[in-house]
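Trainee: I'd like to learn how to read a structure like this one. Could you walk me through it?

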Amino acid sequence: RTLVVDDVWGHGRTITAVRNRVSAAGGLPYTCVLHFNPYRNLFGSYRPDYYAAITDAHIIYPWEVDRDGPDKVFLNPPSQTS
């Protein structure tokens with residue numbers, strides 16, 4: 001038995017690919033995500049075995065905050081000085 005864990009099931013491509021590899025290797029995969037988005041799911045009625053919440057919101061996880069780019073989020077934004 002193998003538990004495959006991911007942060008989010010958006011389209012479901014990543015976790016489904018890993019689940020299929022575990023199965024192909026003879027394992028019995030179970031899937032678990034923090035957030036499941038059934039509205040973007042590409043795999044019909046297939047869904048994670050375990051999930052903490054169902055949402056269609058875009059979630060920025062704490063481990064994504066330090067990424068550079070146009071969507072960078074500041075936990076403590078720089079103060080506005082005149």
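Trainee: In which strand does L3 lie?

Mentor: L3 lies in strand 1. Helices (H or I, at least four residues) and strands (E, at least two) are DSSP runs, numbered from the N terminus. This is a predicted model, in which local features need pLDDT of at least 70 and side-chain atom pairs count only at pLDDT 80 or more, while totals for chains, interfaces and linings use all residues. Residues are numbered from 1 along each chain as its sequence is written, and side-chain values use heavy atoms, with hydrogens and water left out.

Trainee: In which sense do strand 1 and strand 2 pair?

Mentor: Two strands pair if DSSP finds at least two bridges between them. Here strand 1 (residues 2-9) and strand 2 (residues 29-36) pair in the parallel sense, over seven bridges. One of the residues to look at is W9, whose bridge partner in strand 2 is F36.

Trainee: What handedness has the unit made by strand 1, helix 1 and strand 2?

Mentor: A crossover is right-handed if, with the strands pointing away from the viewer, the path from the first strand over the helix to the second runs clockwise. With helix 1 at residues 13-24, this β-α-β unit is right-handed.

Trainee: How much of the protein counts as buried?

Mentor: Buried means under 20% relative accessible area (1.4 Å probe, protein chains only). Of the 82 residues, 24% count as buried.

Technical notes: Buried < 20%, exposed > 50% of the residue type's maximum accessible area, 1.4 Å probe, protein only.
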